[in-house]
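Please look over the sequence and the structure before reading on.

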Amino acid sequence: MEEIELDTAGNAPDGIGDAATPLSWETNLVDGFEGDSFSPMGGLYYRDNVEQRAGSVEFQRDVTFGSAGALKLSVRPLWEGEDDRSERAEVWERTTLRVPYDKAVWYGFSVRFADPIPQGDHRHVIAQWKREIGPEARGDFSPFLALRLVRGRLFATVETTFPVICRRSSLSTGASALTPVFLRPEKRQMRALVATDPGWKPQDGRLFTAYSDRITVIHRGNELPTPHSGWIDFAVMTRPGPDGTGHIELFANDRWIVTVRGHIGHEEHGLGSRQYFKFGPYRSAAQGEWSLYFDNFRRSTRSEDVLGPAGLAALRSASD
């Protein structure tokens, strides 16, 4: 079960020093993890809760990507494979810096998979974007965008509310509709498969057996890099829109992967007014240690602060 993110006043606990960070959601955030703690200009912290106690965060200098340091985030077995348990080592945005849910914002970060790369078919998430969850919300709301791993393959999913009343063309079991989806009516949610890596096989997507036109994916001619390919630099624009106005752009290694539009995110009672991002290994309880390296975090309302030259040129060319 995902932890409650807000108290009755609409606040969530942060790490030490949040009040001393005079930044806003429109501030350009940057952290290269070059010191022994999070930079005040990055707006990040390591969350302390029960699931996070399976994890560890290390500011190290042996494995980096173009900077003097990088994070190593690791999870170890905590629950002995117990059902419905999770193990996390996630870094969060500070609550005061969260972006309004209806605003567009760009995120960038670099990630490298340490060996061994998990080969299981249960939940493995490396980064996720969510809406705040308040105390009056009922249910467990999945991230509206997530970068995931299954059987050692990298893929991306987008989530929205399961349609209570559908147009005839909204859902089908045939491939004539646009986007493959995993229907979860018991959770009132629907998960779309929007990007995969070159090693993806039909069995990897066995849950995505229906199709929907509520989420549209425009493929830009590139697949996600494979987890064993070394450092992967992601650039992502998010603007949720449960009413059908949602918009996501996904780049990896300065190559445009996909554009996603349509019903993105959730609008149920009790959800908060802001979106937020967190990154790091998150898995169903399992055996063995799983580690990821992260570097070069940045966040901005401007694409040019996050994208590289090739990605920026492609984006501007498409908008001409």
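The model is predicted, so local features need pLDDT of at least 70 and side-chain atom pairs count only at pLDDT 80 or more, while totals for chains, interfaces and linings use all residues. Residues are numbered from 1 along each chain as its sequence is written, and side-chain values use heavy atoms, with hydrogens and water left out.

**Pockets**

A pocket is an open set of points on a 1 Å grid over the protein atoms alone where a 1.4 Å probe fits, with protein on both sides within 12 Å along at least five of seven lines; lining residues have an atom within 4 Å of a point. The volume is the space filled by probe spheres set on the points, which are joined across faces, edges and corners.

| Pocket | Volume |
|---|---|
| Largest pocket | about 850 Å³ |
| Second largest pocket | about 220 Å³ |

The largest pocket is lined by 39 residues, and Arg-123, Arg-148, Arg-184, Arg-191 and Ser-284 are the closest to its centre. Its lining comprises 13 nonpolar, eight polar and 18 charged residues. Here Ala, Val, Leu, Ile, Met, Phe, Trp, Tyr, Cys and Pro count as nonpolar, Asp, Glu, Lys and Arg as charged, and the others, Gly among them, as polar. Strand β9 gives the largest share of this lining, four residues; strands are DSSP runs (E, at least two residues), numbered from the N terminus.

Around the second largest pocket stand 14 residues, with Val-194, Ala-195, Thr-196, His-219 and Val-258 nearest its centre. Nine of the lining residues are nonpolar, four polar and one charged. The largest share, four residues, comes from β14.

**Nonpolar cores**

A nonpolar core is a set of buried Ala, Val, Leu, Ile, Met, Phe, Trp, Tyr and Cys residues joined through side-chain atoms within 4.5 Å, where buried means under 20% relative accessible area (1.4 Å probe, protein chains only). The largest core has 56 residues, and Phe-279 and Trp-129 are among those that touch the most other members. Strand β8 (residues 105-113) supplies the largest share of this core, five residues. A second, separate core of nine residues includes Trp-256 and Leu-312.

**Strand β21**

In β21 (residues 290-300), 10 of the 11 residues are buried. Strands pair if DSSP finds at least two bridges between them. Seven bridges link β21 to β8 in the antiparallel sense, and Trp-106 has Ser-300 in β21 as its bridge partner. Strand β4 (residues 70-75) also runs antiparallel to β21, with five bridges.

Technical notes
Buried < 20%, exposed > 50% of the residue type's maximum accessible area, 1.4 Å probe, protein only.
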